[in-house]
Amino acid sequence: MTDPGSVALLAWLLPAGAFVLLSVAFPLRRSGRPAAYVSILFSAAALGGALLAWRLSSHDAFTRLLWEWLPAESGPLATVGVLADSDSTLMLILVAGVSFLVQVYSLGYLADEPPASLGRYYTYQSLFAFSMMGLVLAPNFVQLFIGWELVGLCSYLLIGYWYQRPEAARAAVKAFWVTKAGDVGLLIGIVLLGRQAGTFDFVEILRLVDAHALPLAGLGVITFCIYLGAVGKSAQFPLHVWLPDAMEGPTPVSALIHAATMVTAGVYLLTRTVWLFQLTPGVLALVGWVGAFTALLAATLACVQSDIKRVLAYSTVSQLGYMFLGVGTGAYVSGVFHLVTHAFFKALLFLGSGSVIHAVHHAYHATHSHEDAQDMRNMGGLKQYLPVTFWLMLIATLAIAGIPPFSGFFSKDEILAAAFARGREYPLYYLFYAMGVVAAFLTAFYMARLMAMTFLGQNRTGERERGHLHEAPWIMTGPLLVLGILSAVGGALNLPEFLGGHAALERWLEPVMARGVALFGLEMPHGRTELYLIGGAVLVGVVGLVAGFRATLGRRILPAHDAPPDTGFALVLNRKYYIDELYDRVVVRPLVWLSRVVLWKGVDQGVVDDAAVNGTARLSRGLGWLGSRLQTGQVGVYVVLFLVGALWVLSAVAR
Amino acid sequence: MGLQAYLTLAAVLFAIGLFGVITRRNTIGILLGIELMLNAVNINLVAFARFGPSVVGMVFTVFTICITVAEVALGLALVILIFRVRRTVVADHLDLLRG
């Protein structure tokens with residue numbers, strides 16, 4: 001039990017234990033808080049295991065197989081187990097850590113839920129932790145895909161946690177279908193790759209790639225299909241539409257699944273198979289394109305949303321775009337680095353917004369008002385009521401806006417610098433860089449807008465409600481504090497050398513990423529250029545923040561029920577560029593038409609019901625009717641028939 | 001008068017009986033037709049017994065007559081019962097078993 005593989009395996013199986021326990025022992029599940037304690041306990045143990053696995057792990061990859069699944073003559077087609085290397089242990093800690101913090105936080109956030117619902121919530125949470133760990137630790141594509149689908153299922157279940165609300169149920173179904181569109185691509189890619197390579201195992205395929213034994217023909221299709229899976233799961237354009245709707249789930253779920261862990265699975269998948277994507281630079285360029293475009297598109301949308309969680313949702317889409325831009329540029333470590341720092345500050349932002357919503361919701365609840373507790377137009381001036389939340393969210397805001405020394409600055413700057421550096425080879429990347437900078441400006445702008453609308457200015461919650469606003473309990477602010485510290489100092493993970501750092505993350509991830517870096521090397525800018533780039537990035541962030549604060553505080557904001565409807569470009573932005581409407585016309589309605597007219601009325605009712613089922617019945621009845629005509633009931637007819645038969649038999653015998 | 005004459009008579013009688021069974025609409029008429037056919041058989045049997053080496057045919061004829069009596073008694077009883085229930089003895093109307 002001293003190799004990191006076994007420890008990681010243990011950490012992976014602990015949440016599964018909690019899930020099975022809560023599923024089977026249903027009195028425990030229905031008891032609510034005890035179920036939550038069980039889940040949190042197992043999750044804490046998993047976090048301990050993850051940290052231990054990291055302490056034990058060296059630069060080597062450890063594989064620990066649980067059992068051989070789908071055995072074949074030439075070795076098993078798929079195994080279930082763990083592959084503990086630097087990339088997966090890092091993700092393991094991230095998943096276990098954020099999962100633990102969110103589970104603790106949920107105890108406060110969902111305190112008013114009925115016990116049975118709370119037990120159900122924690123059962124799903126345990127299942128999610130198990131599934132996500134299974135995904136990141138997967139030693140082969142098959143287990144990765146199973147984990148991939150399981151986290152999708154958990155996402156569906158948790159978005160639809162308040163399934164009595166039709167919006168939540170619809171959002172859950174939408175998230176399921178849209179990501180499924182990408183998952184089909186992933187499955188096709190995996191199967192094609194398995195056929196080409198003869199194995200699904202990461203290490204085996206890597207060996208083939210190293211020996212130049214993997215046929216390159218058609219590899220572009222394979223990597224493109226795998227990338228499709230990442231597009232769906234990580235909400236990249238054009239499959240980004242599900243993530244904002246997923247905000248119908250409880251806020252801690254948004255923080256865990258739809259900000260920190262599951263949606264970053266796409267980035268993780270690309271870095272995990274970086275040696276494969278290396279061989280197809282065209283697809284990698286596409287990854288960069290889509291990433292940069294998504295970052296910019298989502299950032300513009302985040303600037304006009306009035307629902308606090310939707311701002312953060314679009315912000316997540318935008319930041320995921322950054323990560324993909326990093327990967328597409330060849331700066332894999334930067335992509336993972338941004339993944340990690342983003343997990344910290346975005347989880348903090350979501351949990352902080354949860355604390356705000358909690359306060360406003362309780363205020364409205366106390367006065368029996370039916371105003372929207374998530375609408376920022378109903379907030380404002382909350383700083384004096386929620387000081388801890390305010391200061392911690394401010395840290396996250398500075399981090400995401402790229403203000404040094406907070407974590408987001410380092411990771412975002414690395415990605416932009418990499419795009420700039422790549423531009424020397426391919427001038428197209430200068431465009432990506434420019435898009436990234438504009439998106440960075442917009443990021444700072446909408447975050448300042450969010451902070452100003454929520455915490456500064458006049459309070460718009462309402463006269464009677466104001467007295468009920470209060471800070472969240474310590475069980476919610478505690479996790480916020482931990483994430484706040486991580487958001488503030490997370491940049492130290494990969495402190496660049498000119499600041500006296502050792503680029504620790506880069507060294508840590510070297511064994512996994514080195515192959516990619518070697519094939520698609522990147523000369524990062526140094527010296528003066530580097531300083532100019534950093535200066536530019538910081539300037540953009542500061543200007544964005546100032547502009548955001550000024551623009552928001554400088555005008556009068558009306559509470560939601562007094563606000564006039566949007567007009568002009570604001571309306572276009574508010575309707576999300578009409579992408580949802582486009583999908584409705586192009587995909588949803590034709591599908592519904594096809595299902596209703598062709599498949600339901602045509603195939604099912606026409607062919608199956610009428611022709612096959614009722615047709616058989618009609619045929620037998622017709623034949624029976626014909627036969628029954630012989631039964632006249634007339635004795636004379638029978639006698640004649642008998643006579644004819646007898647004569648026929650006699651004539652046959654006599655011959 | 002050889003065997004052939006008797007056999008011809010029996011055949012003619014049988015054909016008349018059969019004709020009666022097929023064409024008669026009255027149930028009693030049908031029973032009468034059946035009687036004719038049975039007696040045609042009796043003539044056959046007796047004729048073969050007279051001209052052949054064995055007298056088995058005679059014995060058979062006695063049996064047939066006995067059974068015919070029983071059959072007619074049963075048949076007429078049925079006809080009376082049918083008449084009581086249906087108020088008719090016309091065979092064409094007795095088509096309860098029509099499909």
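Reader: Which residues does Val72(B) touch, not counting those up to four places away in sequence?
Author: Val72(B) touches Leu31(B) and Glu35(B) on that count, a contact being two residues whose C-beta atoms, placed from the backbone, lie within 7 Å. This is a predicted model, in which local features need pLDDT of at least 70, side-chain atom pairs count only at pLDDT 80 or more, and totals for chains, interfaces and linings use all residues. Residues are numbered from 1 along each chain as its sequence is written, and chains are lettered from A and ligands numbered from 1 in the order in which they are written.

Reader: How far apart are Val72(B) and Leu31(B) in sequence and in space?
Author: They are 41 residues apart in sequence, and C-alpha to C-alpha they are 7.3 Å apart in space.

Reader: And where does Val72(B) sit, and is it buried, exposed or partly exposed?
Author: Val72(B) is in helix α3 (residues 56-86) of chain B. Helices (H or I, at least four residues) and strands (E, at least two) are DSSP runs, numbered from the N terminus. With 15 other C-beta atoms within 10 Å, Val72(B) is partly exposed. A residue is buried if 20 or more other C-beta atoms lie within 10 Å of its own, exposed if 12 or fewer, and partly exposed in between, with C-beta atoms placed from the backbone.

Reader: How do the axes of α2(B) and α3(B) cross?
Author: The axes of α3(B) and helix α2 (residues 27-51) of chain B cross at roughly 175 degrees and come within 9 Å. The two helices are therefore roughly antiparallel. Axes are lines fitted to C-alpha atoms, for helices over the stretch in contact, and angles run from 0 to 180 degrees between N-to-C directions. Angles under 35 degrees count as roughly parallel, over 145 as roughly antiparallel, 65 to 115 as roughly perpendicular and the rest as oblique.

Reader: What classes of residue make up that α2(B) and α3(B) contact?
Author: It divides into 15 nonpolar, seven polar and one charged. Ala, Val, Leu, Ile, Met, Phe, Trp, Tyr, Cys and Pro count as nonpolar, Asp, Glu, Lys and Arg as charged, and the others, Gly among them, as polar. Leu31(B), Glu35(B) and Leu38(B) are among the α2(B) residues there, and the α3(B) residues include Thr68(B), Val72(B) and Leu76(B).

Reader: Switching to the interface. How many residues of each chain are in contact?
Author: Nine residues of chain B are in contact with eleven of chain A. The chain B side has five nonpolar, one polar and three charged residues. For the complex, the predictor gives an ipTM of 0.84 and a pTM of 0.80.

Reader: What is the secondary structure of chain A?
Author: It comes to 26 helices and two strands. Of the 655 residues of chain A, 53% count as buried. The C-alpha trace spans about 120 × 70 × 50 Å along its principal axes.

Reader: How do α15(A) and α18(A) pack?
Author: Helix α15 (residues 308-329) and helix α18 (residues 407-422) of chain A pack at about 40 degrees, with axes 9 Å apart. They are therefore oblique to each other. Among the residues that meet are Tyr322(A) and Leu325(A) in α15(A), and Ile415(A) and Ala418(A) in α18(A).

Reader: Where are the cis peptide bonds?
Author: One joins Phe237(A) and Pro238(A), with omega about 5 degrees. Pro238(A) is in the loop between α9 (219-233) and α10 (242-245) of chain A. The bond from Pro404(A) to Pro405(A) is also cis, with omega near 5 degrees, and Pro405(A) lies in the loop between α17 (387-401) and α18 of chain A.

Reader: Ala235(A) and His368(A): buried or exposed?
Author: Ala235(A) is buried, with 30 other C-beta atoms within 10 Å. His368(A) counts as exposed, with 7 C-beta neighbours inside 10 Å. Phi of Ala235(A) is near 55 degrees, a positive value in a residue other than glycine, and phi of His368(A) is also near 55 degrees.
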